[in-house]
Amino acid sequence: MALQGPIPVTFNMVFPYGCYIVGDVEPVKDFDASTNGRFVQARDKQTAELVWQVSVMDADPSLKAAQKTLAVKILSPVQPAPLPAMPGLPFTPVEFDHMTVTPYVNANGRLAYSIRVREMRAPRPVGKPAATKDAA
C-alpha cells in the first residue's frame, strides 16, 4: 500500500469552519521514558523533534459537544508561543501548517485520528472578493 505513516492534509480539510485554542501549549509526556517523579518529554518517532500539544475547539456546527474539543500535537524544538487573544472573542482563532493525520483505533474500538502539525499561527485575513466589471 502506498499510504504508510502520517497522511499529509491541509488545515481546510481538517477544520473547514476553523478552530479555536481552548488550552495552553503543553509538553507531551513520554510515558515509556518517564519514571516516577521524572518527566521526559515525548519526541516524534520520525523527526525526533519535541512534541507539544494544545487543545482546540472545532467550529463545525454539525459536531456534537463531545466531538468539538481535541488535541493537536505540535512538533517543534521549542515551546510554541501562545497566540494573542482577539478583542471581543472568548477564544483565540488559530490555524496550523504542515499538518498530518494518523488514523488509529482508540480504546473504545473506534476509528480516531492523531493530528500533528509543524506550525501554529493566527488565521490569515480573508481577502475581499475580486472586483467584477459590469457588462455594458
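Start at the second largest pocket, which holds about 480 Å³ of space. This model is predicted, so local features need pLDDT of at least 70 and side-chain atom pairs count only at pLDDT 80 or more, while totals for chains, interfaces and linings use all residues. Residues are numbered from 1 along each chain as its sequence is written, and side-chain values use heavy atoms, with hydrogens and water left out.

Select Arg43, Lys45, Lys73, Ser114 and Arg116: of the 17 lining residues, these are the closest to the pocket's centre. A pocket is an open set of points on a 1 Å grid over the protein atoms alone, where a 1.4 Å probe fits, with protein on both sides within 12 Å along at least five of seven lines; lining residues have an atom within 4 Å of a point. By class, this lining has six nonpolar, three polar and eight charged residues.

Next, go to the largest pocket, with about 710 Å³ of space. Select Gln67, Leu70, Ala112, Tyr113 and Ile115, the closest to its centre among 22 lining residues. Here the lining divides into 14 nonpolar, four polar and four charged residues.

How values were computed. Points joined across faces, edges and corners; volume = space filled by probe spheres on them. Nonpolar A, V, L, I, M, F, W, Y, C, P; charged D, E, K, R; others polar.
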